[in-house]
Amino acid sequence: MATEPAQKLPPPPGPIGRWRGERLDQLAELAATPPDERGESLTRETLRRLRHSPMAMTGAAVVLVFVVVALVGPYVIPYSPTALVGLDQIRPGQIPGPSADHWLGLDHQGRDEFSRLLFGARQTLLVGIVATLIGFTAGAAIGGLAGAANALGGRLGRWVDSVLMRFIDLLLAMPPLLLAFSIAAVLGRSLLAVMIAVGVAATPIFARLLRGSMIAQAHRDYVLAATALGVRRNRVVLGHVLPNSLAPVIVQATLTLATAIIEAAGLSFLGLGNPDARIPEWGVMLAQAQAQLSFRPILAVYPAAAIIITALGFTLLGESMREALDPKLRR
Amino acid sequence: MARFIVRRLLQLIPTLAALSVLLFIWLRALPGGPEAALLGERATPETQAAIRERLGLDEPILGQYAAYVRQLLQLDFGTSTQTRQPVLEEFLNRFPGTIELTATAMVIAVGVGIPLGYFAARRRGSLLDNLTVGGSMVGICTPIFFLAFVLKWIFGENLGWLPTIGRQSPGAGATHITNLFVLDGIITREWDAAWDAFLHLLLPGIAVASIPFAIIVRMTRASVLEVLGEDYVRTAESKGLTHRVVRGRHVLRNALLPVVTAIGVLTGALLSGAVLTETVFAFNGIGLFVYEAIRNADYPVLMGFIMFIAFTFVMVNLLVDISYSIIDPRVRVN
């Protein structure tokens, strides 16, 4: 874009004396605007780049299908996901495969696998979104506070920043599984405990990102300009630095949705998930399928594929958003 | 350098102190109170009285905390409610397994990841590049326990090439000195035992390596791409240096700096135990022990484990910073 010809200047207005002065102002303004920012806003350019990226479009399509299935799935499934519709067909070491009645066959308790898979999308989406929101809120609060403290400077600011970040470092070292257990031990085992645990595990990355982004923004020219114009320090940080630092954090939220889904599946697999194992959830289904691995391995493949494809959708979308927003790749 | 190390070690003190306060509060927030949590099924009126005495539970809260800290300072982390052995001893017995697994996984992840990332970057847009980027993305999105099960099912149960359970075949009659089974076999010249232990490491090692591998590949690729576009690489090429010198001294050396940090952090994470993989392969390391502790609500083990993770984490970060200053002369630790 830097190679594009400079914008056409408007025709010179009025008498010569005034004209020269205004003309100089216009030229100065143009010269002060970096070529990237002429004409198109960051948001619009990012969206344009996303529309032209096959990676982004694939990711968006997968995410869209997943969300639709999660919303509509429970109303269109052919069987109740908990009904033992085919219990009479189950023999030890033998589970019926796909048929006209049961598109993906039955699971080990004679429940319709297809219905369970569709129903499970809602649980998965719910856990993913709530956990990500918890991580995002907590991380943004801590990271924002640390970043603001650092940007405001002073001995106290640096001290607050340092204490908060040491805490975040420590949290980063804890395996999510242990967090889940510690939280479940106090709150009791529940779906909420899983969401909180996965959310808390995701907190450090949000906190570090927002803080780093704010510190980087604090040294930009517009901050200097605002400060020079006499805008108060608090307003500079909250009104200028913070909003400009949010983009990478929002991108991270998309990527965290993917990891949240995988981590929640891991917790379910270890038996720390939703205590009601009848409700289909992809992680639980995968864990239950392990017992039938020797004679019906495909039962493990369905939920695993669902997890991988969904996580991949969010990852593709997040990665391409990051690329579209990255000024280094903007050529 | 010595001052830097000492200062970083001193930073451990506030970290561990803060953690001890958190654990202290956590234990008291548990339903049933600390006696029930620490004793598990062994709780009888006598043992409860004994532990009340030992923890000073009848004293005011500050006195209780002082008693707890005094124990920690003596490296007394209590007794496991599962095995009735001191927690520290249990950790020391199982840590070698996790060290072996971590080493195997990191050798795989680094040994394959860095060359692959490098060649993908050099042939950007090629089939190799696209496969590498796509593969690493799928790797990150695959639940590790599923990968572990697939590996176990294909290479263990169906093809029967590799063992899938434990760290060494039972009845191998191996002598154990360090509890690093491969090393023990080499020291005692029991080559069969060492080979057997090595084979047991392969499948879990691959499973554990998957995520570090994906991260290392992507970081190497991105970093090499960035360095390849730098002015000093063009300068080096234009002044006629051989490709080998340019690649080795100018490209790789600069590109690997961020990767080294990542390798350190990833190693630290693995050293705290691969719970999912160790569970699938019944591999007796820290991860499996913690999983069993979680299943049996073995609080003394879990509290000791949290302290252990914090300690490992700080030490690994220290090592990363030191190695960084050795590789990159621009970074002087001060």
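This is a predicted model: local features need pLDDT of at least 70, side-chain atom pairs count only at pLDDT 80 or more; totals for chains, interfaces and linings use all residues.

Me: How is the size of an interface expressed, and how much area is buried between chain B and chain A?

Reply: Interface size is often given as the accessible area lost when the parts come together. Between chain B and chain A, about 3100 Å² is buried, and carbon and sulfur atoms give 83% of that area. Chain B brings 34 residues to the contact and chain A brings 33 residues.

Me: How many salt bridges does the rule find across the interface of chain B and chain A?

Reply: The rule finds one. The partners are B:Arg218 and A:Glu319, whose closest N and O atoms lie 3.2 Å apart. On the side of chain B that touches chain A, several helices give two or more residues, among them H1, H9 and H14 of chain B. H14(B) gives the most, with seven residues. By class, this side of chain B has 28 nonpolar, three polar and three charged residues.

Me: Which domains does the assignment give for chain B?

Reply: The assignment gives domain 1 (2-73) and domain 2 (92-333). Their centres, taken over C-alpha atoms, are separated by 34 Å.

Me: What area is buried between domain 1 and domain 2 of chain B?

Reply: The buried area is about 1500 Å², with 87% from carbon and sulfur atoms. Across this domain interface the rule finds zero salt bridges and zero residue pairs in polar contact, counting pairs with both residues at pLDDT 80 or more. H1(B) gives the most to the side of domain 1 that touches domain 2, with eleven residues. That side of domain 1 has 14 nonpolar, one polar and one charged residues.

Key
Residues are numbered from 1 along each chain as its sequence is written. Chains are lettered from A and ligands numbered from 1 in the order in which they are written. Side-chain values use heavy atoms; hydrogens and water are left out. Contact means heavy atoms within 4.5 Å. Buried area is the accessible area (1.4 Å probe) that two parts lose on being put together, summed over both. A salt bridge is a side-chain nitrogen of Lys or Arg within 4 Å of a carboxyl oxygen of Asp or Glu. Helices (H or I, at least four residues) and strands (E, at least two) are DSSP runs, numbered from the N terminus. Ala, Val, Leu, Ile, Met, Phe, Trp, Tyr, Cys and Pro count as nonpolar, Asp, Glu, Lys and Arg as charged, and the others, Gly among them, as polar. Domain bounds come from an automatic or database domain assignment. A polar contact is a pair of N or O atoms within 3.5 Å; within protein, one must be able to donate a hydrogen and the other to accept it, and residues adjacent in sequence count only if both atoms are side-chain atoms.
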